[in-house]
Amino acid sequence: MSATPTFAPADASATAPAGAIGTVPTTVAQALILSRYQFRDFLRSRRFILMMGIVLAAGAILTTVVAYFRPAGLIDNADDLYGGLWAGGAGVVIVFAGIIFGGDAIAGEFQNKTGYFLMGLPIKRTTVYAGKYLATLAASIVSLIVYLIIVTGNAVYYLGAGAFSVPIPLIESFAITLLYLLALLGFVFLFSSLFKTSAYAVLVVAILFLFGFSIIQEVIVSLAHTEPWFLLSYVNSINAYPLTGVPGHIVTTRSPFGRATVTTYNPTYFEGLVVMAGYWLLTTIGGLLFFEREEFT
Amino acid sequence: MTPSIEAVGLTKRFGSFTALDHLNLKVDGSKCVGFLGPNGAGKTTTLKMFTDLIFPSEGEAFINGVSVQKDRKRALSVCGDLIESPEIYPSLTPREAFQMSGALRGMRPEEVASRTTTVLEEVKMMEWADQKFGSFSKGMKQRVNIAAALLSDPEVVILDEPSTGLDPRGMAEVRSIVRGLKKGHRLIFMSSHILSEVVDVCDEVALLDRGKLLFADRLANVTQRLGGGVRAVEAEFASPLDETVLASQIGALPEVGGWSRTDANRITLQVKGGPVEQAHLLEKIASLQLGLVSFRESRSALEEVYLREISVGDA
């Protein structure tokens, strides 16, 4: 052993012999391994039961309402039914999945000290981030699929067994919903990386996605008379377009109470896809940069 | 390759507070090194930089010559560590967590299975291998964490106060595990504030106080050099020894500079000279057939050195 002041100091310029990496898997392989075990942890956790409870409750409410009112425009054909029940509801399922599975994904590593176990292994932080992101994505997709099964059950009940043949527009809508999920999880992981306390991360994400963005959207439209194209919650509505058709981009209607006009904005496909992809890319990079610099103090 | 860890100008500042101040320390070879210091001395900060949990303000940490800061994956591939009582995902069992850990390290499944049995048996947790980690007590978790650090049979083991949270039996078992680890081609770097633990298992010690390294040396040299040139050892006997026997037979030996009774069965001896004289003394006392049970570096001697060095720092 050498040390100062007892011994001569370690030589800063000394090049020590190279260590052996052995057969440590590649970054991608490690991310997949980590995501598999994290997903297993999700499946056994109370949060998964909670999420399934929310999805089943939402599905039960929708089923009851449709069964009671039997709205003619909704139960006449598969596109309208999926457009009404799937497109809108999927956005809500995603928000809850993001909060429940992703809210503390990174913050929890610090608060629960699971990060001390993981980060002591020969694994890059990027790998940990990617592995947890993939596991959260998988758990969220499971939630979405359960919701889709409930909607499909309604479709089969009202439209017959023919509704089993998945319409192409539904596949397109599902793909757009997945892009929204990727973007939302990027956003959730960014906030989760900013905090070392899970509760803060979950709270901020919940407030933003359940109320915050809706309020901001209303304020921008009502007061600034501007299209809120930059809000993720706004562009999410394009997931209904394959099923219901593309509405006018800017629709101005006369108020029934006088001469005033009301302007409604609808995102275009291009806006929606670009904004979602942009959110996904920027928030994922941002979250990763924060996580790379965060210390386990 | 000789296992090694090295800190080169390692410094950590938190705002205006300097937790670690230009630590230069190189430890290599198969041995156990105790990293001592009072609370807040910078021990855990140092170990966290060696495992890349926090980042140095200046300097670099190397494991087997590979910079932890520049290539953590490669550096940590030869290292098993236990820092600050980590948690495993609560829904996973130790066996599953080790499968994950082993897979991430690139171990073959059959190798993971075999090592899992070995290390869990070593920490007496085999019967809990398939129970969820979240249901374990603090002490049980710490045992599993120690096993996790040893899973890959690493060349370098970094342990941050491994006895934390364990009952006396658990602490004794940890000491026994560390002693067992020393039999392999392995470097163990272990922080502790339990001096008896260090004396029991460590070959060398480094003392840190207020972010500065005060000394680093072989345990015997530390107690000798900083103890005024006198080496102190503690001898334990099976039954109480008569005062006259002690004085005439042990006290009269040329290697003994002085002696004092620690309790009925134990005495502390001041050894004149170095390791060779100490070895002679052991042989002579054993040949006296007085029922010698143990003969080791005096805990109290290290404690004296420790307290004196720390109090010098306070002054």
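A salt bridge is a side-chain nitrogen of Lys or Arg within 4 Å of a carboxyl oxygen of Asp or Glu. Lys12(B) and Glu295(A) meet that rule, with N and O 2.7 Å apart. The model is a predicted one. Over all chains, the salt bridges come to 26. Four of them run between chain B and chain A. This briefing starts with the interface, then turns to single residues and pairs.

**The interface of chain B and chain A**

- Chain B brings 58 residues to the contact, and chain A brings 53.
- About 4800 Å² is buried between chain B and chain A. Carbon and sulfur atoms give 59% of that area.
- Three residues stand out on the side of chain B: Lys73(B), Tyr89(B) and Leu104(B). Together they supply 18% of the area that chain B buries against chain A, more than any other three residues.
- The interface holds 23 residue pairs in polar contact, counting pairs with both residues at pLDDT 80 or more.
- Several elements of chain B give two or more residues to the side that touches chain A. Among them are the strands β1 (4–14), β2 (17–28) and β3 (31–36), and the helices α2 (72–75) and α3 (94–105). The strands β9 (204–209) and β10 (212–218) also belong to this list.
- The largest share comes from α3(B), with eight residues.
- By residue class, the side of chain B that touches chain A has 30 nonpolar, ten polar and 18 charged residues.

**Salt bridges between the chains**

- Where do the two partners of the opening pair sit? Lys12(B) is in strand β1 of chain B, and Glu295(A) is in the segment after α11 of chain A, so the pair joins two chains.
- Lys12(B) and Glu295(A) are both buried.
- Lys113(A) and Glu84(B) also form a salt bridge through their side chains, at 3.4 Å from N to O.
- A network of salt bridges links Arg40(A), Arg44(A) and Glu96(B).

- Thr297(A) lies in the segment after α11 (269–293) of chain A.
- Is Thr297(A) buried or exposed? Its relative accessibility is 53%, so Thr297(A) counts as exposed, the cut-off being over 50%.
- Apart from neighbours within four places in sequence, Thr297(A) is in contact with Tyr116(A) and Lys196(A) in chain A, and with Phe14(B), Lys48(B) and Ile54(B) in chain B.
- The side chains of Thr297(A) and Lys196(A) are joined by a polar contact of 3.2 Å.
- Thr297(A) and Phe110(A) are 187 residues apart along the chain. Their C-alpha atoms are separated by 8.7 Å.

**Thr45(B), in helix α1**

- Thr45(B) is found in helix α1 (residues 43–50) of chain B.
- Its relative accessibility is 13%, so Thr45(B) counts as buried.
- Leaving aside neighbours within four places in sequence, Thr45(B) touches Lys12(B), Phe14(B), Ala19(B) and Ile54(B). Phe14(B) and Ile54(B) are also in contact with Thr297(A).

- Helix α7(A) has 27 residues. From its first C-alpha to its last, α7(A) reaches 40 Å, close to the 39 Å expected at 1.5 Å a residue.
- Why is α7(A) described as largely enclosed by the rest of the structure? The reason is that 21 of its 27 residues are buried.
- Ser173(A) is in this helix, which covers residues 168–194 of chain A.
- Ser173(A) has 0% relative accessibility and therefore counts as buried.
- Not counting residues up to four places away in sequence, Ser173(A) touches Trp86(A), Asn239(A), Pro242(A) and Leu243(A).

**Salt bridges within chain B**

- Glu60(B) and Lys70(B) meet in a salt bridge, at 3.3 Å from N to O.
- This pair links distant parts of the chain, ten residues apart. Glu60(B) is in strand β4 (residues 58–63), and Lys70(B) is in the loop between β5 (66–67) and α2.
- Glu60(B) is buried, with 17% relative accessible area. Lys70(B) is exposed, with 68%.
- Arg108(B) forms a salt bridge with Glu110(B), their closest N and O atoms being 3.0 Å apart.
- Arg108(B) counts as partly exposed, at 47% relative accessibility.

Methods:
Residues are numbered from 1 along each chain as its sequence is written. Chains are lettered from A and ligands numbered from 1 in the order in which they are written. This is a predicted model: local features need pLDDT of at least 70, side-chain atom pairs count only at pLDDT 80 or more; totals for chains, interfaces and linings use all residues. Side-chain values use heavy atoms; hydrogens and water are left out. Contact means heavy atoms within 4.5 Å. Buried area is the accessible area (1.4 Å probe) that two parts lose on being put together, summed over both. A polar contact is a pair of N or O atoms within 3.5 Å; within protein, one must be able to donate a hydrogen and the other to accept it, and residues adjacent in sequence count only if both atoms are side-chain atoms. Helices (H or I, at least four residues) and strands (E, at least two) are DSSP runs, numbered from the N terminus. Ala, Val, Leu, Ile, Met, Phe, Trp, Tyr, Cys and Pro count as nonpolar, Asp, Glu, Lys and Arg as charged, and the others, Gly among them, as polar. Buried means under 20% relative accessible area, exposed over 50%, partly exposed in between (1.4 Å probe, protein chains only). The expected span of a helix is 1.5 Å times one less than its number of residues.
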